Amino acid sequence: MNPFQKNDSKETLFLPVSTEEVPPRPPSFPKQPSPKICGSNYPLSIVFIVVNEFCERFSYYGMKAVLTLYFLYFLHWSENTSTSVYHAFSSLCYFTPILGAAIADSWLGKFKTIIYLSLVYVLGHVIKSMGALPILGGQMLHTVLSMVGLSLIALGTGGIKPCVAAFGGDQFEEKHAEERTRYFSVFYLSINAGSLISTFVTPMLRGDVQCFGKDCYALAFGVPGLLMLIALVVFAMGSKLYRKPPPEGNILNQVVECIWFAISSRFKNHSGDNPKREHWVDWAAEKYPKQLIMDVKALTRVLFLYIPLPMFWALLDQQGSRWTLQATRMNGNLGFFVLQPDQMQVLNPFLVLIFIPLFDLVIYPLVSKCGINFTSLRKMAVGMILACLAFAVAAAVEIKINEMAPHQPDSQEIFLQVLNLADDEVKVTVLSDENNTLLAESIKSFQNMPHYSKLHLKTKSQNFHFQLKYHNVSVYTEHSVEEKIWYTLIIREDGESISSMMVKDEENKATNGMIAMRFVNALHEEVNVSLGTDASLIVGEDYGVSAYRTVQRGEYPAVHCRTKNEDFSLNLGLLDFGAIYLFVITNRTNQGPQAWKMEYIPANKMSIAWQLPQYALVTAGEVMFSVTGLEFSYSQAPSSMKSVLQAAWLLTVAVGNIIVLIVAQFSGLAQWAEFILFSCLLLVVCLIFSIMGYYYVPLKPGDVQGSTDKQTPQIQGNMIDLETKKTRL
């Protein structure tokens, strides 16, 4: 039977109710009040809920902190693909709360929903960690396991998201409303504490620990999975202490059906014969009760203001994708500490913990004393402006990074450098096909060249003639080159003469914070180089050139090497962020084989500390927008619509991530231009939101709570048209 079906029988409206005839309803909560914390009014059960939330947020944000770099370096996806999948996952995490709320309200209740979906959550972490094991299959299997694991994690974290906070509120009695309010502050604190610690720790597990010769992504995903298992165990331990309200029906489904019925009725009765109604939701009055219709009206007023909000989340959530990728091209050495690129995200929860009391206790009271009416909608608009400024700063930082980065050869251009490994000076002359001199310079033995020389081609590929003068000998050689490629001409001894070979430096590009290196072996026997990995790097004898190998930033004082006859160590020194090195293994001294070091591409010069202003601005915007917006929305919605509003609020986050996904895939803009685009889009949205807020008439708390008391009966004849005006009987 439809509980909202209109009942035309007047006899049932005023039936007397006898307590003897109607059996009492089973109690929703235990009769005995739950134990309190140290004699206070706080139930002991909330301790288990807060600890559960801390561990769950550690699990989620810790896994997410290394996710972009996992896509980039482990699965070898492009930056755009990594960004798109990252935001697709984030979006899915904010779509699934609707499913979780529906399951909890209409079927299982909050407690069982949290338990069952937490099991799904843990299973997702296990599969995700397995997908990060290099020894388990190939890239296709890794990709499949990663996608399955992320899907289960999104279902788990999103499904329990709308349940945990509300379940904690259920533990309080109505007379302890003040304690409940403080509980939500502690709950929010636990979220940011878990995020703060995890975004700092998991990048260290990834970069400072080696697994199977590579970054330990399996450990970086496994530890958050362990924390989620602990969260599940802790939550289950408090089972006997919880107040467990039974499911009360899916209010979200009722709202959707009411709105759909109103829209359908409006279009079915579009003719002028039907009288106009004050509000379009009133077209559902034939089927649904007046109270539900009034609540839906209040809800739709707030949902209308939600339309511009996704653009803010589109900017905020790029901290874990585009901003992390930006950090990979910066220098994380702060002098007293070395930050990994994905550790910069720790600034957001850290600054949130600082800004919330700062704004509540200092800034907002000062603004109020200045006579400025700083309403909730104005705070949200200012938060949008701060996010715009944050992306403008990010664009300026990106431009500066590009200025410091080495330029790439354009069409019909190559970059060339000469490496002289002979024992004396060599004069190098580069001639074109017409014997025109393109480059002429004298290069000393083992001279560290400061830069590449740019040579222009007449076609996409061309032959260059090289004249090498060594002592009294002139050697002529010819090498073919192709456009847009970096080359190194290696000059080597060949008996009493010299010879040369041309080597492509195809990987002389931005290495996203990693260090790239290659070896040239001047010894007469093959060398096996171990860089602390299981897979050794083999360099052929007599000027053999190895492939590139990427490693983490750090000191490498003793790299183990071995030949057929001996073992020795090479001191590679400090390998810094983003640099590309060439090491020549020689035996020119009596101290045994040594490594001569040349820096092809210099290390990242711009400090990662330059990201601090953009993080500070966007976090201040988040505090003004997110915290204020949620508080405003709750104050404007009737009590029966709180869960619906929570789902709608999370849905705006999901839509924001979809916006980033679309722009990343189809914009084709340079990164700095993309940052400017987002900043301008949010500025336009902020203006639209400000206009909408200007015409919005906020409801007072009495209007929301007292809507059930209002009646407007219309009585014909000599009776007076009565209107109850908040009259308390």
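These notebook entries record what I looked up in a predicted model of one protein chain.

**Entry 1: the chain as a whole.** I began with the secondary structure and found 16 helices and 21 strands in the protein chain. I then looked up burial: of the 729 residues, 50% are buried. For the accessible surface I noted about 35700 Å², with 60% of that area belonging to carbon and sulfur atoms. Of the contacts between residues at least 6 apart, 71% join residues at least 24 apart.

Entry 2: I turned to an open sheet whose four strands run in the order 13-12-17-18, with antiparallel pairing. Its edges are strand 13 (537-539) and strand 18 (567-570), each of which pairs on one side only. From one strand to the next, I noted an average twist of 30°.

Entry 3: I located Asn348 in helix 11 (residues 347-369). Is Asn348 buried or exposed? Its relative accessibility is 14%, and because the cut-off for burial is under 20%, Asn348 counts as buried. Leaving aside residues up to four places away in sequence, I found that Asn348 touches Gln319, Tyr615, Thr619 and Glu622. With Gln319 there is also a side-chain polar contact of 3.4 Å.

**Entry 4: aromatic pairs.** I listed the aromatic pairs and found 37 in the structure. In the pair of Tyr42 and Phe172, the ring centres are 6.2 Å apart and the planes stand at 85°, so I recorded the pair as edge-to-face. Tyr42 lies in the segment before helix 1 (45-65), and Phe172 in the loop between helix 4 (139-170) and helix 5 (177-207); the pair therefore ties together parts that are 130 residues apart in sequence. Phe172 is buried, at a relative accessible area of 2%.

I next took up Phe312 and Phe625, whose ring centres are 4.0 Å apart with planes at 25°, so this pair is stacked. Phe312 belongs to helix 9 (residues 310-316) and Phe625 to helix 13 (residues 612-636), and the pair links distant parts of the chain, 313 residues apart.

Last, I noted a cluster in which ring pairs link Tyr70, Phe71, Phe74, Trp77, Tyr217 and Phe221.

Technical notes: Residues are numbered from 1 along each chain as its sequence is written. This is a predicted model: local features need pLDDT of at least 70, side-chain atom pairs count only at pLDDT 80 or more; totals for chains, interfaces and linings use all residues. Side-chain values use heavy atoms; hydrogens and water are left out. Helices (H or I, at least four residues) and strands (E, at least two) are DSSP runs, numbered from the N terminus. Buried means under 20% relative accessible area, exposed over 50%, partly exposed in between (1.4 Å probe, protein chains only). Contact means heavy atoms within 4.5 Å. Accessible areas come from the Shrake-Rupley method with a 1.4 Å probe; for residues, only the protein chains shown count as cover. Two strands pair if DSSP finds at least two bridges between them. Axes are lines fitted to C-alpha atoms, for helices over the stretch in contact, and angles run from 0 to 180 degrees between N-to-C directions. A polar contact is a pair of N or O atoms within 3.5 Å; within protein, one must be able to donate a hydrogen and the other to accept it, and residues adjacent in sequence count only if both atoms are side-chain atoms. Rings of Phe, Tyr and Trp (its six-membered ring) pair if their centres lie within 6.5 Å; planes under 30 degrees apart count as stacked, over 60 as edge-to-face and the rest as tilted.
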